[in-house]
Amino acid sequence: MSGLALLTLFIPYNLLSIGGFVALVFLEKNTETKLFVVSGGLYSLSGLLSALVAITFLVAISIWSKTWVSILIPIFLYLPEVVVDFFSMSQSAALVVSTLISYGAIGLYIWLVMRKLNKEAA
């Protein structure tokens with residue numbers, strides 16, 4: 001295709017995308033949005049069902065992609081908060097410790113995967 005033909009396809013598509021975004025912004029301001037809230041936390045029936053659906057989805061993605069990433073990253077992001085809740089510390093200290101544990105675990109996982117890939121390449 002020539003440059004002019006691509007340009008005539010590109011401009012209407014972008015105008016449609018930008019127009020759709022602007023319309024959504026105005027609609028969001030003028031309409032009331034219904035929000036789905038799971039009350040009772042994780043230990044209620046609705047919380048357990050939501051967690052079960054999420055876990056099933058992540059395990060299915062992991063099996064499909066043949067990697068552990070879709071299982072380990074949510075664990076690395078959520079589990080430190082649960083562990084830190086068992087200790088009595090201020091909220092700001094708990095937030096810092098939880099964040100450091102999360103980033104440390106993700107960094108360790110990346111380092112282990114890179115090390116394994118380097119050994120296989122050598």
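Ser98 is in contact (heavy atoms within 4.5 Å) with Pro80, Glu81 and Val84, leaving aside residues up to four places away in sequence. The model is predicted: local features need pLDDT of at least 70, side-chain atom pairs count only at pLDDT 80 or more, and totals for chains, interfaces and linings use all residues. Residues are numbered from 1 along each chain as its sequence is written, and side-chain values use heavy atoms, without hydrogens and water.

**Helix H4**
- Ser98 belongs to helix H4, residues 91–121; helices are DSSP runs of H or I with at least four residues, numbered from the N terminus.
- Ser98 has a relative accessible area of 8% and is therefore buried (under 20%; exposed is over 50%, partly exposed in between, with a 1.4 Å probe and protein chains only).
- Ile101, also found in helix H4, is partly exposed because its relative accessibility is 39%.

**Nonpolar patch**
- Ile101 is one of the residues of a nonpolar surface patch, together with Ile75, Leu79, Val83, Phe86, Phe87, Met89 and Val97.
- Such a patch joins nonpolar side chains (Val, Leu, Ile, Met, Phe, Trp, Tyr) within 5 Å, from residues with over 30% relative accessible area and no salt bridge (side-chain nitrogen of Lys or Arg within 4 Å of a carboxyl oxygen of Asp or Glu).
- The accessible area of the patch is about 730 Å², by the Shrake-Rupley method with a 1.4 Å probe.
- H3 (69–85) and H4 each contribute at least two residues, and H3 gives the largest share, three residues.

**Helix H2**
- The 21 residues of H2 (45–65) should span 30 Å, and the end C-alpha atoms are 30 Å apart, so the two agree; the expected span is 1.5 Å times one less than the number of residues.
- Lys66, which follows H2, has a positive phi near 55 degrees.

Key: Patches are made of residues with over 30% relative accessible area and no salt bridge: like charges are joined within 9 Å, nonpolar side chains (Val, Leu, Ile, Met, Phe, Trp, Tyr) within 5 Å.
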